[in-house]
Amino acid sequence: MAMAVDAIVNEEEEEVDDEQGTSCKKALQKYFLQEWNVVRSILDDIVAAGGVADFASVHKIRSIMDKYQQEGQLLEPYLESIVIPLMSLIRSKTVDLGTESEEILEVVKPLCIVIYTLVTVCGYKAVIKFFPHQVSDLELAVSLLEKCHSTIATSSLRQESTGEMEAKCVMLLWLSILVLVPFDISSVDTSIAETSHLKMDEPPPLVLRILEFCKDYLSSAGPMRTISGLLLSKLLTRPDMSKAFTSFIEWTHEILSASSDNVLDHFRLLGAVEALAAIFKAGSRKVLLDVVPIVWNDVSALIKSRMAARSPLLRKYLVKLTQRVGLVCLPYRSPSWHYKGKITSLRQSILPDAANIADSCGDGADMSLSNKEEEMSTEQDEDMDVPELVEEIIEVLLTGLKDTDTVVRWSAAKGIGRVTSRLTFSLADEVLSSVLELFSPLEGDGSWHGGCLALAELARRGLLLPISLPKVVHVVIKALHYDIRRGPHSVGAHVRDAAAYVCWAFGRAYYHSDMRSILEQLAPHLLIVACYDREVNCRRAAAAAFQENVGRQGDYPHGIDIVNTADYFALSSRVNSYLNVAVCIAQYEGYLYPFVDELLHSKICHWDKGLRDLAARALSALVKYEPKHFANSVLEKIIPCTLSTDLCMRHGATLAAGELVLALHECNCALSADKQKQVAGLVPAIEKARLYRGKGGEIMRAAVSRFIECISLAHISLPDKTRKSLLDTLNENLRHPNSQIQTAAVDALKHFVPAYLQPVDGKGTYDISSKYVEQLSDPNVAVRRGSALALGILPYEFLAKRWKDILLKLCRACEIEDNPEDRDAEARVNAVKGLVAVCEILTEFRTASSVHIGKDNMSLFLLIKNEVMRSLFNALDDYSVDNRGDVGSWVREAAMDGLERCSYILCRRDTMGSQNKGEDCLQVSERDAFREDQIKPLFDADLATNLASGIVKQAVEKMDKLREAAAKVLQRILYNQTIFIPFIPYREKLEEIIPHDTELKWGLLDFRCYSKPLLSGLVVAIGGLQDSLRKASLAALLDYLQVSGTANCNESNSRELNLSADILWVLQHYKRCDRVITPTLKTIEILFSKNVFLNMQDKNQEVTAILTLPESPSEIWDLMEVGIIPEKSGFLWRDSPARK
């Protein structure tokens, strides 16, 4: 009965195991290697075929594996299923075909590509566990390596690799496992039988062959060098390889002692040092002590040579070898004085006694200094015999911490940690003191970075006791803020990143009882770096360190909330970090004042202009938490800094002062009279100090404009003299050629005028507006640009007196200047923007007033319809070109936006006029004068046709930006929910086209109101230089023409006839315009080559007379005389299909 029960239980357990195995496989397929089914099918095909039939399958597997480069551990559950079949196939094929066969490499190389790909993704240690390791495979692998060694790689590019390099690497890795066989290699080597005599301790021929291959690969620049060093470390450290080990040490002594600038010798030197480092890592201390003097003499001499100074990689290997020599010199001993770190095993942490263990460890960590010193001095200092060589080694490692290359510093830091772990407490404390000396202000950024790495290593290994933390934390806080200005940039990002790594190591190494006071010191500084650092990697590193400490050190005030706020993605944006994350964290106790101090002392005077601007905005965002502190203390510190001799300081202080004044006003915190007086005198003081001159004058002008804008919004009390001075400052900035300064001045003037220049009578109003109107014709283009923008932001009161003159002057400013030297595209763009803005200001005020219809009011709308719209339509034909390219496109883009806005103005007026038609009462004379205009709508069919056709033309031209802008404008016009735009021709057809595609289809060529302007833009695209646009446009046009093939013949001829007539219109309308005529003629040539127009020569003689290419130079000259063909086009002098 009991046996039956046991059988049932066993069956149930097996079923449970099967279910768990099945669920595990499903989980692996779902969450790990998602392409496992594809990989498995390819591997099955390879194994079944006995090799790789199609090389594309190898590249397929490699492309799949490469995606897991950053997460190689996800592939480890599948390594056994991949590696064992492939290595078994290599072994069996080698046995069957023999190493002398030429076919063996063709079989092995593709398989090795797959295996080596796994090595690069998962690491060699995870892969070689599944290599076969029978004793009989040793000679087989050596013979196969010899076969690969004799083959020269045909390509060094990984994408074109045929497997030579991968095969060598896999064979070397296989040998690194096989040489560990627990037998004397001489008993395995069958070639000894052919040797007549073999001396005692002489290496077997098999070993000599391996050594020969490895020495050759040590001179390689590829991965074979590293793997050869690994193989040598496994082979030469065997007990039966003493003779071979001594011989190899002598060989490396010759390599390290030789001084040669040959490239091959340099690679051999790198390989020799790397191999020695691997040997000193794997070898027995008893054997290695005998060769330490020879190796150290070579290393100490080489590390001071010019060759090491030129090669960071050589210095890295030398530092690595140095620390390994030091570890050999120092015997391993129980680390009794080390700090006992936290439980790292999950299984141990969930044990019932885990809490008691942790408490006891924490209490042990708080042991008094006297007891520690007594135990260490009595037990270790007396027994420890430190060789003199160790002092030199530590000195080399400390020097490596100051190296110019990060890889050398990182290797030296790990060496410091390893060597210190075998020293006594007193000696380790001396090493710590030497490391802390690296944080001197006189040292460079490399020393600070290396020092941080060393401190992190000491903390991780328990070598930094809690008693030493106070003096360490002091330098770590300095490193968190390390930022040294060097010319136009600064250095220190890597130091701050390493300092965050030190804080991260603290959180993992110490108990809460030892870190409580330390974390209170570090937390504000970590969050300052997390929120306000310039570099995203430093922000994320500091946030990760804070998160590690919060998670491991127990309950920390608001720790979880802060971690959720300052997460990895929230800190990716610098703007979000400054204006959102930091503001959210500042609400918690203990963070507001450190944040303010950081912004005041480090960020508003930062060398990066954008960061200063962002810091000023960030400072104002913190005002809401304590307005009185900012009004009394912070503003008091900032105002004197606006006159600093340092450009960065005075620029940032000016921006910060303006933002603070505005933020205080928004918080309803009124400034005292003295403070307002100081703020009002800030700009005159800057001008008196002549801080606009010299270097940085431009950015100070922009900062002053922003300051004036802020105080205008805050309604700071200003004397009349100061108002006039600030107005002169803004006018001067409007004349500046820098567009950013002009834009800042316009933004400031927009708020300054209504705040301080509200007119008592009409005199002041007339003077301001008339000044800008007169400047529209100024010969200085910068003055014209600024005045046009200024007119567009003036309030209605400043425009009412001379509105007609202003509009007409702006309309003339939109036209291309007659004098080529006076032409300026930016001035015309600003004139278009100013013209539309003035129209909106005038119409909005009059629409909102009680008088809706009147002579003056109707004159305004008629002027907009007749003059403004005409100027904007003319601006759509601005194709000016200079050394910057098609600058007229800026004008055309602004004109499209202006046409849309003015169309809304006219349609809105038509709608209001129809609503008030029965209510408005006019004088008889006025009604008679405007009766005809009132009967007709302001926005009529002609305007709608011109509007739609003009935008459609821009939607098919060659510039992507303009095509996108035109499509969006047309979409807004068709689907505006507030204002309906009437009279759009073929509106239904347009609505069919626009919603589905952003690009217009050429079905609009069927409608005569669109065909001519559409074709005039289309031929420019087809005959242009942009190949992709030319192909797409031509394909669309041919598609339009070929659609007619399914219809009757009359419709087909009609489309070709209409197209030819439109081309004739383009040739005549744009005669003597090379920009259009040349691409039009190229379009005609392309259409003739596509057999278009060939069936209509008898249909329309006038069209064919133009489209038939002339045969003689006299005919070409006649077309040039009338201006249809440009003289410099050179188009018809080439052979054409039409001639044939």
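Let me start with a rule: a charge sits over a ring if NZ of Lys or CZ of Arg is within 6 Å of the ring centre and within 35 degrees of the ring normal. With that in hand, the charged end of R540 sits over the ring of Y568, 3.7 Å from its centre. The charged end of R701 sits over the ring of Y692 as well, at 4.6 Å from its centre.

A quick word on what we are looking at. This is a predicted model, in which local features need pLDDT of at least 70, side-chain atom pairs count only at pLDDT 80 or more, and totals for chains, interfaces and linings use all residues. Residues are numbered from 1 along each chain as its sequence is written, and side-chain values use heavy atoms, with hydrogens and water left out.

Let's stay with rings. Phe, Tyr and Trp rings (for Trp, the six-membered one) pair if their centres lie within 6.5 Å; planes under 30 degrees apart count as stacked, over 60 as edge-to-face, and the rest as tilted. That rule gives 17 aromatic pairs here. One of them joins W337 and F425: the ring centres are 5.8 Å apart and the planes are at 70°, so this pair is edge-to-face. The two partners come from distant parts of the chain, 88 residues apart, with W337 in the loop between α17 (312-329) and α18 (346-349), and F425 in helix α23 (residues 425-436). For helices, I am using DSSP runs of H or I with at least four residues, numbered from the N terminus. Both W337 and F425 are buried, and buried means under 20% relative accessible area, with exposed over 50% and partly exposed in between (1.4 Å probe, protein chains only).

Now look at W410 and Y501, another edge-to-face pair, 6.1 Å centre to centre with 65° between the planes. This one also links distant parts of the chain: W410 is in helix α22 (residues 406-420) and Y501 is in helix α26, 91 residues apart. Are these two buried or partly exposed? W410 counts as partly exposed because its relative accessibility is 30%, and Y501 is partly exposed too, at 22%. There is also one aromatic cluster formed by Y339, F506, Y510 and Y511.

F506 brings us to the core. A nonpolar core is a set of buried Ala, Val, Leu, Ile, Met, Phe, Trp, Tyr and Cys residues joined through side-chain atoms within 4.5 Å. The largest one has 330 residues, and F506 and F595 touch the most other members. Helix α5 (residues 103-122) gives the most to this core, with 14 residues. Contact means heavy atoms within 4.5 Å, and, leaving aside neighbours within four places in sequence, F595 is in contact with residues including P524, L527, C531, A582 and L622. A second, separate core of 23 residues includes V1066, I1084, I1086 and L1087.

Next, please find helix α28 (residues 536-552). What covers them? After α28 comes G554, whose phi is positive, near 90°. In the loop between α28 and α29, H558 has a phi near 60°, a positive value in a residue other than glycine. H558 counts as partly exposed, at 39% relative accessibility.

L660, in helix α34 (residues 647-666), counts as buried at 1% relative accessibility. Beyond residues up to four places away in sequence, L660 touches L619, S620, V623, F630, V634, L635 and I638.

C503 is buried, with a relative accessible area of 0%.

How values were computed: Helices (H or I, at least four residues) and strands (E, at least two) are DSSP runs, numbered from the N terminus.
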